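Notebook open, model loaded. I'm jotting down what I looked up, in the order I got to it.

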Amino acid sequence: MSSPTTTAAGRRAPAPAGHPDHARATIALAILGIFVTYVPITAVSVSLTTIGTDTGASTSGLQWVSDAYVIPMAAAVLSAGVFGDIHGRRRVYLAGMCLTVLGGLTAGLGSALLDDHALTVLWTGQAVAGLGAGLLIPTTLALIAQAVPDFRARGKFIGFWSMGLMAGLALGPIFSGTVLEVGAWHWIYAPSTALAVVAALVALRLLPESATVEGRRLDWSGQLTATVAIAFSIFGIIEGGEKGWTSWQALLGLVVGAAALVAFLLIERRTDAPLMDLGIFRSPSFSASGFAGVIAMFSIVGGMFLLSLFLGFVQGLGALDIALRLLFATGLGVAVGPLAARLMQRLKAMHVLSLGLVASAIGLWSLTSITAGTGVWDLGWRLAVFGLGNTTMMTAVTTAAINSVPMRMAGMAAATNTVLRQYGGALGPAILGVVFSHQLAGGATPEDAFAAALVTNVALLLLAAVVCVVAARSEAHPAGRS
């Protein structure tokens, strides 16, 4: 195989399209992209105590710090794959990185310069960065498929992609905790913003453009109604917990969100280029894996949100101490990811998914008994069980979704499951924050309020596990289905 050519000036010229250097660079950029996408989720979580103290934000205000990132992420995932097919995945990747940089600069420098409006500017920056993240999630997976055409060899690299995701969740708290040891909270965006700049510059130099897919077009009406449904439903939940379920804000959010969801479903049934083919929900296993995906990210993002509040406000820990404790969960996730992948070679993905949901439930149940005086190691083993479950269910949930539909619909199944997961991530802080706040308002101690919110999470995880088991049995015995 010939080596890359050298220009007259002695500089190395770019490798031709299809060269192994391009494949390696594409895979590396895909992994870096998903890492950059997930760093801000946990980086912000461990900083909530500091942000709340500095800005005077209420619990609902801090919920919006998390959800301002996750809601645009969930909404943009729907169309990002289509954008990549129409305009090229390199362009969409670069657009996602540019939005990440812009969002980080807005949230960090913008909130520092406009101190009187710091919280509003922070929400804005989070939303812009979340939009970039939504573009990157499906695009990074598509780049791996582009670089590794052999689907049998592709699984290994998707495993690396998943490890990049878990590494982002693990190192985000370490990045922000370290920054907060030496500087103001505005600087927690510096690491992810700098990495996004590096990724964009390397992509400009090395990432090849994908071929345009003929016949693809964007379903703008579906995208609009889906975005409204996601954003307004979360708004209604948060405002209902803060101002009451009969307040005009809560009613507006829930009614508009429900109406937009109905409109989205009607549009998707009638369009010839749907963002989400509703026919895939006829598979019990796909529907069950979708529900499990919602609950999985609900548990991870919502659980991290609650834990960060508890460790900061109740145990009085600084951001770095919180980050080091959460590493029991997120760090273990990176380590056991390959083991979870091997487990799927022996068991069906739906069964592995059920085991992960149960393990997460056990970990969260064990955390309901922690108090202000719980030590690091007593907390650590509980977090480790939670992290083991998280990694297992996240490793299995997309595979379970893809395996439950015909191969021609695998891309649609993966995209739909991703949207449902991200929506669950937005619901987590919203709903668990409402339970926590209501318990405190009713006179409960912070420990009891924290436990009540976790019990809600445990119940949902166990429900999802039961749904997955029933669906798997239904698929195994089709004659018994109604």
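Started with a helix pair: helix 3 passes helix 10 in a right-handed crossing. (Right-handed: the near helix is turned clockwise from the far one by less than a right angle; left-handed is anticlockwise.) I took helices as DSSP runs of H or I, at least four residues, and strands as runs of E, at least two, numbered from the N terminus.

Who makes the contact? From helix 3 I noted Thr59, Leu62, Gln63 and Ser66, and from helix 10 Phe305, Leu309 and Phe313. Contact here means heavy atoms within 4.5 Å. I sorted these residues into 4 nonpolar, 3 polar and no charged. (Nonpolar is Ala, Val, Leu, Ile, Met, Phe, Trp, Tyr, Cys and Pro; charged is Asp, Glu, Lys and Arg; the others, Gly among them, are polar.)

Then the geometry. The axes of helix 3 (residues 59-87) and helix 10 (residues 284-314) come within 12 Å and cross at roughly 130°. Axes are lines fitted to C-alpha atoms, for helices over the stretch in contact, with angles from 0 to 180 degrees between N-to-C directions. So I put helix 3 and helix 10 down as oblique to each other. (Under 35 degrees is roughly parallel, over 145 roughly antiparallel, 65 to 115 roughly perpendicular, the rest oblique.)

A note on provenance: this is a predicted model, where local features need pLDDT of at least 70 and side-chain atom pairs 80 or more, while totals for chains, interfaces and linings use all residues. Numbering runs from 1 along each chain as its sequence is written, and side-chain values use heavy atoms, leaving out hydrogens and water.

Next, salt bridges (a side-chain nitrogen of Lys or Arg within 4 Å of a carboxyl oxygen of Asp or Glu). My search of the whole structure found 1. It joins Asp378 and Arg382 at 3.0 Å, N to O. Both lie in helix 13 (residues 376-403), 4 residues apart, about one turn of the helix. Buried or exposed? Arg382 counts as buried because its relative accessibility is 10%, while Asp378, at 36%, is partly exposed. (Buried is under 20% relative accessible area, exposed over 50%, partly exposed in between, with a 1.4 Å probe and protein chains only.)

Ser360 has a relative accessible area of 0%, so it is buried. Ser360 touches Phe386, Gly389, Asn390, Met393 and Leu461, leaving aside residues up to four places away in sequence.

Whole-chain tally: I count 15 helices and 0 strands, and 55% of the 482 residues are buried.
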